[in-house]
Amino acid sequence: MNRIDKTFKRLKKKRDKAFIAFITAGYPNLSATKSVVKELAQRGADIIELGVPFSDPLADGPTIQAASERALKNRVNLKSIFRLVKELRKDIQTPIALMTYYNPIFRYGLEKFTKDALRAGVDGVIVPDLPIDEDLALRKALRGSGIKEILFLAPTSTTDRIKQAARRAGGFIYYVSLTGVTGARKKLPQEIARNVRRIKQYTKTPVCVGFGISGPKQAEKIAKVADGVIVGSVLIKAITENFGKKDFIKRVGTIARNMGRAVHR
Amino acid sequence: MLPDKKGHFEEFGGRYVPETLMSALEELTKEYEKAKRDKRFKKELNYYLRQYVGRPTPLYFARRLTEKLGGARIYLKREDLAHTGAHKINNTIGQAILAVRMGKKRIIAETGAGQHGVATATAAAMFGLECEVYMGTDDIERQSLNVFRMKLLGAKVLPVTSGSKTLKDATNEAIRDWVTNVCTTHYIIGSAVGPHPYPAMVRDFQSVIGKEAKQQIVKQVGRIPDYLVACVGGGSNSIGLFHPFFKTRAKFIGVEAAGKGLTSGKHAATLTKGRLGSLHGSMSYLLQSADGQIKIAHSISAGLDYPGVGPEHSYYKKIKRAKYVAVTDNQALEGFNLLAETEGILPALEPSHAIYHLKKLAPKLSKNQVIILCLSGRGDKDASVVAKILGEKI
């Protein structure tokens with residue numbers, strides 16, 4: 001069974017929710033990413049999302065844009081990310097999903113991407129600029145591999161689109177909390193709970209909420225209505241603020257732990 | 001009929017955007033399809049094109065240029081004479097009317113050279129809409145006159161400091177704004193690029209160029225021309241000229257920017273040198289690295305300085321309906337001078353690329369043959385760039 005499915009099965013038994021941690025691969029460098037991922041796994045992250053840097057990340061706010069730009073300066077690409085995942089798999093069995101814009105994997109070749117991702121130990125792929133209308137080629141490539149294509153839904157998704165995504169969803173559904181780009185927000189929309197419930201009418205696939213979540217209080221609130229909480233920019237910020245300090249890894253770990261506890265409460 | 005329902009020109013086009021935008025694109029498509037069939041919409045659009053933009057623009061026989069090159073007869077489609085000085089206004093008027101119909105009160109746009117920004121600010125002012133234009137800080141510096149024009153027209157220019165600080169990143173930022181404010185805002189894309197329905201919709205609004213040219217040339221010479229020549233950045237003036245001639249025997253030549261040369265790594269010749277990929281919402285040829293990262297384009301003309309191209313051009317290239325060639329910065333300057341001196345017209349640097357190509361094409365053809373060149377904009381905006389290169393202070 002795919003590690004993502006296994007994780008949700010385990011959490012469901014405990015009536016617990018998933019804490020999903022996003023960081024950009026190669027920010028500020030690949031060896032830091034490796035240490036941070038291991039720390040996140042130990043500090044309560046149930047699923048790790050690794051961002052593949054892209055030159056034109058149009059769904060991302062300034063925090064992840066800057067991280068992506070820095071990672072590209074380090075010449076991080078899919079090949080080096082697969083190598084990283086392979087090495088991580090020696091130590092951790094936490095599910096890993098790659099969050100990537102479409103062009104890098106399209107250019108890499110979707111068949112080759114699937115093969116290499118599988119071999120490295122990747123469990124899911126999340127493509128923010130590939131709506132369900134355009135994902136046929138990727139779906140075909142992933143078929144039979146066990147790698148899950150995580151689909152998005154948004155506050156603006158029509159019932160028709162929710163139904164389509166629900167029919168096809170695997171792993172979990174990524175519900176975007178707000179109309180906007182990634183990045184921590186002080187306030188989140190009221191309708192999250194209602195919209196998550198609306199999606200859950202049509203599917204048994206877990207629904208996780210991401211975008212904008214900036215602190216444990218928000219995380220706790222969302223964990224009450226969703227099956228998981230996705231946190232990204234906050235962790236990137238923690239990396240930015242603490243990189244170079246002696247206890248860098250521990251400091252990032254503490255912030256992750258606090259978010260994780262809020263989700264698991 | 002292409003594109004298909006989801007905006008595909010075979011493997012090109014489509015909608016490669018975040019889920020958040022999908023319902024807005026579906027709404028826009030529906031509204032546009034409805035408007036296209038609505039007589040009132042057509043009447044309103046035609047009214048503004050005639051009374052406000054100044055259409056039809058002339059199809060001018062360039063006698064001295066023809067004599068100088070000594071071959072085919074050259075006709076210029078004078079989009080430089082449209083209000084605001086370029087073809088961009090054809091599209092912004094159309095989309096502004098649509099925005100009003102959809103009840104959207106705020107308009108956003110991206111701009112490189114500032115021509116599309118000015119055309120958008122103009123349409124927004126005329127329809128009483130709020131207008132914000134994203135522009136890279138590098139372009140703001142290069143095109144300060146257009147920045148000031150936009151401000152005079154009541155638009156807010158939002159500087160973009162990310163990435164290459166030019167058109168590509170201004171487009172990213174405009175899309176991010178649209179994702180955020182999708183319920184209240186209409187995004188007027190300036191070229192035949194972006195997710196469906198934009199490439200088809202912008203093409204349709206710009207097709208007024210080709211439709212007029214067809215009638216005018218038949219009236220003036222009694223037949224369909226042998227060649228159509230136009231510059232290609234995103235490709236809106238060229239697709240607007242070409243598309244109405246699709247089923248005729250006229251040959252299409254799109255002229256891209258070869259910048260400092262095709263092997264220099266500093267060019268914007270997307271169709272000549274690019275590879276298939278997705279950027280800004282559609283699948284098309286792109287300048288990109290082996291890893292699929294988008295490369296920074298270069299051209300002397302800010303309007304061609306874009307690493308992507310409209311999906312319909314990629315399709316025309318694939319089916320060999322059009323031929324695409326590339327012209328360098330220096331050659332474009334030659335084209336600029338050539339038209340200024342033979343015809344007393346200062347062309348924008350974008351169509352100056354196409355003018356240069358006439359030097360190669362026209363002399364090889366007979367005197368009975370006919371070329372239409374789309375003179376997409378006037379050159380006043382480029383005077384300072386050209387002066388700088390010539391080492392003159394103005």
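I take two strands as paired if DSSP finds at least two bridges between them. With that in hand I looked up I107(B) and found its bridge partner to be C131(B), in β6(B).

**Entry 1: the model.** I am working on a predicted model. For chain B I noted a mean pLDDT of 96, with 100% of the residues at 70 or more. For the complex I wrote down an ipTM of 0.97 and a pTM of 0.97, both from the predictor.

Entry 2: β5 of chain B covers residues 106-111 and β6 of chain B covers residues 130-136; they run parallel and share 6 bridges. I then traced the whole sheet, which is open and has 4 strands in the order β7-β6-β5-β8 of chain B, paired in parallel. Which strands stand at the edges? I found β7 (156-160) and β8 (185-187) of chain B there; each has a single partner strand, so one side of each lacks a neighbour in the sheet. Neighbouring strands here are turned against each other by 25° on average, direction ignored.

Entry 3: Helix α5 of chain B (residues 115-127) lies across β5 and β6 of chain B, at about 165° to β5(B).

**Entry 4: the six-stranded sheet.** I moved on to another open sheet in chain B, where 6 strands follow the order β3-β4-β14-β9-β10-β13 with mixed pairing. Its edge strands are β3 (59-61) and β13 (322-328) of chain B, each pairing on one side only. I recorded an average twist of 25° from one strand to the next.

Inside this sheet I looked at one pair. Strand β4 (residues 73-78) and strand β14 (residues 370-375) of chain B run parallel and are joined by 6 bridges. What stands opposite K77(B) in β14(B)? I found C374(B) in that position.

**Entry 5: helices on the six-stranded sheet.** I used β13(B) as the reference strand. Helix α12 of chain B (residues 311-318) lies across β10 (251-259) and β13 of chain B, running at about 110° to β13(B). Helix α13 of chain B (residues 329-343) lies across β3, β4, β10, β13 and β14 of chain B, and its angle to β13(B) is about 95°.

Notes
Residues are numbered from 1 along each chain as its sequence is written. Chains are lettered from A and ligands numbered from 1 in the order in which they are written. This is a predicted model: local features need pLDDT of at least 70, side-chain atom pairs count only at pLDDT 80 or more; totals for chains, interfaces and linings use all residues. Side-chain values use heavy atoms; hydrogens and water are left out. Helices (H or I, at least four residues) and strands (E, at least two) are DSSP runs, numbered from the N terminus. Axes are lines fitted to C-alpha atoms, for helices over the stretch in contact, and angles run from 0 to 180 degrees between N-to-C directions. Contact means heavy atoms within 4.5 Å. pLDDT is the predictor's confidence in each residue, from 0 to 100.
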